[in-house]
Amino acid sequence: MARAVGRSLAGPLLFLNLLMYLIVLGFASWCLNRFINGQTNHPSFGGNGATMFFLIFAILASVLGIISKLLGANHLRAWRNDSLAAAGSSALIAWAVTALAFGLACKEINIGGWRGWRLRVLEGFIIVLGITELLYVLMLHSGLFNSTYGPGYRDNEYGVGAPHGGVPGTGIAEKGTGYTGARV
């Protein structure tokens with residue numbers, strides 16, 4: 001039951017981040033479409049010099065975040081070291097790009113000017129996602145510090161090694177050990 005601590009904390013955060021990344025993808029796509037069409041005077045859009053860069057990084061962060069959440073769901077299902085490597089690395093990359101979008105959102109707010117409600121909502125979601133994605137990455141990697149929180153990278157609870165005195169990885173033992181292995 002101690003192995004379920006990390007699972008029970010990371011599961012709801014994974015679902016929350018997935019929903020937020022889907023919302024960010026929708027808003028950022030709509031805003032980028034308006035920006036490309038030159039409709040920046042739309043009542044719910046607006047923008048300034050950082051808007052184009054912010055929208056591109058918001059879309060990139062949301063796509064990477066959605067993919068990392070799918071890998072994270074696979075890790076929550078399996079809860080093993082090999083799935084942790086895929087989920088942890090993709091979540092770290094998604095957090096890094098979300099942090100870039102977070103910085104651009106802060107820059108866009110700092111520049112000022114009139115921004116519509118969709119851009120302000122998108123900025124808010126990116127700021128919240130920057131924090132919650134960092135928490136999710138820390139929860140995934142908490143098994144490094146204590147194995148009660150989840151699998152760590154050094155745990156070797158699974159996998160079959162060769163018997164004592166055998167050739168590792170082949171299943172072949174030395175003569176006289178009484179172990180018969182399959183030869184390929």
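Is Leu122 buried or exposed? Leu122 has a relative accessibility of 0% and therefore counts as buried. The legends below return to this residue. The model is predicted, so local features need pLDDT of at least 70 and side-chain atom pairs count only at pLDDT 80 or more, while totals for chains, interfaces and linings use all residues. Residues are numbered from 1 along each chain as its sequence is written, and side-chain values use heavy atoms, with hydrogens and water left out.

**Figure 1. The whole chain is built from four helices and zero strands.** From the N terminus on, the elements run α-α-α-α. Helices (H or I, at least four residues) and strands (E, at least two) are DSSP runs, numbered from the N terminus. The protein has 184 residues, and 38% of them count as buried. Buried means under 20% relative accessible area, exposed over 50%, and partly exposed in between (1.4 Å probe, protein chains only). Among contacts with a separation of 6 or more, 75% join residues 24 or more positions apart; a contact means heavy atoms within 4.5 Å. The protein exposes about 10,200 Å², and carbon and sulfur atoms supply 67% of that area. Accessible areas come from the Shrake-Rupley method with a 1.4 Å probe, and for residues only the protein chains shown count as cover.

**Figure 2. UniProt places the feature "transmembrane region" at four stretches: residues 12-30, 50-72, 84-105 and 125-145.** The record is an unreviewed entry. UniProt positions are given in the numbering used here, feature names are shortened, and annotations may be inferred rather than shown by experiment. In the model, residues 12-30 are 100% helix and 0% strand, with end C-alpha atoms 27 Å apart. Residues 50-72 are 96% helix and 0% strand, and there the end C-alpha atoms are 32 Å apart.

**Figure 3. Helix α2 covers residues 51-78.** Its 28 residues should span 40 Å at 1.5 Å a residue, and the end C-alpha atoms are 40 Å apart, which agrees. The expected span of a helix is 1.5 Å times one less than its number of residues. After α2 comes Trp79, which has a positive phi, near 55°. Val63 lies in helix α2 and counts as partly exposed because its relative accessibility is 40%. Together with Ile67, Leu70 and Leu71, Val63 makes a nonpolar surface patch of about 330 Å². Patches are made of residues with over 30% relative accessible area and no salt bridge; like charges are joined within 9 Å, and nonpolar side chains (Val, Leu, Ile, Met, Phe, Trp, Tyr) within 5 Å.

**Figure 4. Thr98 sits in helix α3, which covers residues 81-111.** With a relative accessible area of 0%, Thr98 is buried. Residues up to four places away in sequence aside, Thr98 touches Tyr21, Ala61, Ile126, Leu129 and Gly130.

**Figure 5. Leu122 belongs to helix α4, residues 117-140.** This helix has 24 residues and reaches 34 Å from its first C-alpha to its last, close to the 34 Å expected at 1.5 Å a residue. Leaving aside neighbours within four places in sequence, Leu122 is in contact with Val24, Phe27, Ala28, Phe54 and Leu55. Leu122 and Phe27 are 95 residues apart in sequence, but their C-alpha atoms are 6.4 Å apart in space.

**Figure 6. The model contains three salt bridges.** A salt bridge is a side-chain nitrogen of Lys or Arg within 4 Å of a carboxyl oxygen of Asp or Glu. One of them joins Lys69 and Glu133, whose closest N and O atoms are 2.8 Å apart. This pair links distant parts of the chain, with Lys69 in helix α2 and Glu133 in helix α4, 64 residues apart. Both Lys69 and Glu133 are buried. Glu123 forms a salt bridge with Arg115, with closest N and O atoms 2.9 Å apart. Glu123 is buried at a relative accessible area of 2%, and Arg115 is buried at 13%. Asp82 and Arg80 meet in a salt bridge of 3.5 Å, N to O. Asp82 counts as partly exposed at 44% relative accessibility, as does Arg80 at 36%.
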